[in-house]
Amino acid sequence: MRSAEGTAEGTRGSRADQADHRRAELLEAARRVVLERGISSTRVADIAKATNVSGGLIHYHFATKDELITAMLRTTIDTEVARLKELVRGSGPAVDRLDRVLRFYIPRSRTDQSWILWIDAFAAGLREAVVQHILLELETAWIGSVEQVIQAGVDSGEFTCDDPHGAAERLDSMLDGLIIRYTLHPSVLSRKRLLEHARIAAAREVGVDRSAFPGS
């Protein structure tokens with residue numbers, strides 16, 4: 001027979017699971033609404049409407065809109081950073097790992113939802129400090145991952161680079177600009193050409209020939 005204590009613990013666990021599930025639903029709804037309306041134009045009421053719940057229920061889980069948007073962006077960051085770490089720790093020569101990181105960073109298409117979200121966040125970050133902080137976390141993680149791969153290549157003798165951190169910063173800045181151009185003007189810059197620019201720049205930064213990277 002189950003004890004009263006065991007029943008109470010099970011009930012608390014069930015409620016916690018339900019709360020986690022509801023939070024996840026609200027975060028996913030926030031992401032959908034933000035992709036449609038933009039961070040600055042999204043209201044708690046819009047997210048409530050998208051999930052058929054009251055604004056009060058949303059505020060039960062997230063005190064403010066900023067808290068909700070921050071949690072949504074952080075969930076996205078955690079997923080992307082986890083994948084980056086896998087690529088950095090992957091097998092093969094450093095040039096292959098660097099190429100995998102570059103290909104992961106570049107959007108799969110101009111409608112890539114992750115990049116649409118981050119481009120919107122760049123604009124919102126001009127006025128919203130909480131978004132600035134999230135963006136800095138993402139950029140720091142990305143630059144750190146590229147730096148780690150480059151440093152590993154230098155240590156193994158595959159790359160020649162006096163400043164892996166600076167090289168990572170330059171690649172980050174170049175790709176951000178090109179990706180915005182690609183997303184807004186796909187007829188002017190194709191993904192294939194964008195990737196080629198990234199590989200040429202990376203090859204120059206790490207002292208290898210472009211042919212060391214994949215051809216396509």
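**Values against definitions**

Trainee: What makes the end-to-end distance of α9 agree with its 16 residues?
Mentor: The expected span is 1.5 Å times one less than the number of residues. For the 16 residues of α9 that gives 22 Å, and the end C-alpha atoms are 22 Å apart, so the two agree. This is a predicted model, and the distance is computed from it.

Trainee: Which residues of α8 are buried, and what covers them?
Mentor: Among them are P164, L171, L175, I179 and Y182, as well as D172 and D176. The cover includes α5, α6, α7 and α9.

Trainee: Why is N52 called exposed?
Mentor: Exposed means over 50% relative accessible area. N52 has 73%, so the term applies. N52 sits in the loop between α2 and α3 (55-61), and has a positive phi of about 55° although it is not a glycine.

Trainee: What makes a set of residues a nonpolar core, and how many residues has the largest one?
Mentor: Its members are buried nonpolar residues joined through side-chain atoms within 4.5 Å. The largest such core has 63 residues, and L98, W118, W142 and L175 have the most contacts inside it. Elements giving two or more residues to this core include α1 (4-37), α2 (44-51) and α9 (191-206).

Trainee: Which residues does L175 touch, beyond those up to four places away in sequence?
Mentor: L175 contacts L102, Y105, I106, W142, L194 and A198.

Trainee: How much space lies in the largest pocket, and which residues are closest to its centre?
Mentor: The largest pocket holds about 470 Å³. Of its 23 lining residues, E80, F104, S114, W115 and W118 are the closest to the centre.

Trainee: How is its lining divided by class?
Mentor: The lining has 11 nonpolar, four polar and eight charged residues. Helices supplying at least two lining residues each include α4 (65-88), α6 (113-124) and α7 (129-156).

Technical notes. Residues are numbered from 1 along each chain as its sequence is written. This is a predicted model: local features need pLDDT of at least 70, side-chain atom pairs count only at pLDDT 80 or more; totals for chains, interfaces and linings use all residues. Side-chain values use heavy atoms; hydrogens and water are left out. On a 1 Å grid over the protein atoms alone, a cavity is a set of points where a 1.4 Å probe fits but cannot get out, and a pocket is an open set with protein on both sides within 12 Å along at least five of seven lines; lining residues have an atom within 4 Å of a point. Grid points are joined across faces, edges and corners, and a volume is the space filled by probe spheres set on the points. Helices (H or I, at least four residues) and strands (E, at least two) are DSSP runs, numbered from the N terminus. Ala, Val, Leu, Ile, Met, Phe, Trp, Tyr, Cys and Pro count as nonpolar, Asp, Glu, Lys and Arg as charged, and the others, Gly among them, as polar. Buried means under 20% relative accessible area, exposed over 50%, partly exposed in between (1.4 Å probe, protein chains only). Contact means heavy atoms within 4.5 Å.
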